[in-house]
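Biologist: Could you take me through this structure? I would like to follow it step by step.
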Amino acid sequence: MKKILIVEDDIHIGNVLEETLSREGYSVTRAYSGTEAKLILSERTPDLILLDLMLPGLSGEEILPEIHGIPTIVLSAKVGIDDKVNVLRSGAVDYVTKPFSMRELSARIEVHLKNYSTPPVRLSFDLLELDTVSRSVFAAGKSLKLTRTEYAILKLLMQNCDQVIARSILLDRIGSDTPDCTESSLKIHISNLRRKIREACGKEYIESVWGIGYKLGVGS
């Protein structure tokens with residue numbers, strides 16, 4: 001089930017969005033301010049965000065540049081060309097002017113989710129290669145036999161090279177594929193994954209970022 005975060009302080013508009021999208025099979029979370037949205041995003045990663053611009057606390061324009069890797073559709077009453085251009089340059093994938101057609105918005109959501117849910121078939125990082133079709137992984141040309149959880153962790157890290165992935169977000173993103181992975185067992189899975197990579201190519205790639213999570217980087 002795809003997860004959508006609605007960031008909208010207008011109760012009526014938010015209710016219409018939530019009711020319609022829930023009927024269409026989406027899991028919906030709501031935030032009523034930019035500050036609340038930022039807190040939610042620090043704890044979980046939705047598949048798509050619907051973002052109003054004029055919000056209490058932090059505005060939509062302020063939090064938009066901090067959103068990475070999540071398709072964000074801006075919903076706004078601002079109709080100026082400059083407003084639209086600035087928002088799109090700040091990272092939004094689409095701009096829908098209020099009032100809007102729910103049918104049109106649903107179609108736009110479907111298109112953007114489809115575009116973002118089609119990952120590259122082959123991921124590469126230094127001596128690591130991962131094929132998302134065959135689910136095979138190689139380190140320095142040597143095939144790695146990974147568990148389902150180890151594969152999911154490595155895939156997510158390779159999709160976000162050099163970016164720190166918080167433990168909570170990592171668990172949330174791989175949860176649908178590996179429900180057996182918990183916060184207490186994550187360190188064990190990471191340790192085993194590091195060992196297998198190190199034995200194959202003699203390098204350390206998975207870095208621990210104290211108090212936050214993990215990132216993929218080129219070590220020695």
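Biologist: How much of the chain is buried?
Modeller: Buried residues, meaning those under 20% relative accessible area with a 1.4 Å probe and protein chains only, make up 44% of the 220 residues. Please note that this is a predicted model, where local features need pLDDT of at least 70, side-chain atom pairs count only at pLDDT 80 or more, and totals for chains, interfaces and linings use all residues. Residues are numbered from 1 along each chain as its sequence is written, and side-chain values use heavy atoms, with hydrogens and water left out.
Biologist: Which residues are buried in helix α7?
Modeller: In α7, residues 167-174, they are Ile 169, Leu 170, Leu 171 and Ile 174. Helices here are DSSP runs of H or I with at least four residues, and strands are runs of E with at least two, numbered from the N terminus.
Biologist: And what covers them?
Modeller: The cover includes helices α2 (34-43), α6 and α8, together with strands β10 (165-166) and β12 (213-216). Contact means heavy atoms within 4.5 Å.
Biologist: At what angle do α6 and α8 pack?
Modeller: Helix α6 (residues 148-159) packs against α8 (residues 183-201) at about 80 degrees, and their axes are 10 Å apart. That makes the two helices roughly perpendicular, a term for angles of 65 to 115 degrees.
Biologist: New topic: how many helices and strands does the chain have?
Modeller: There are eight helices and 12 strands.

Notes:
Buried means under 20% relative accessible area, exposed over 50%, partly exposed in between (1.4 Å probe, protein chains only). Axes are lines fitted to C-alpha atoms, for helices over the stretch in contact, and angles run from 0 to 180 degrees between N-to-C directions. Angles under 35 degrees count as roughly parallel, over 145 as roughly antiparallel, 65 to 115 as roughly perpendicular and the rest as oblique.
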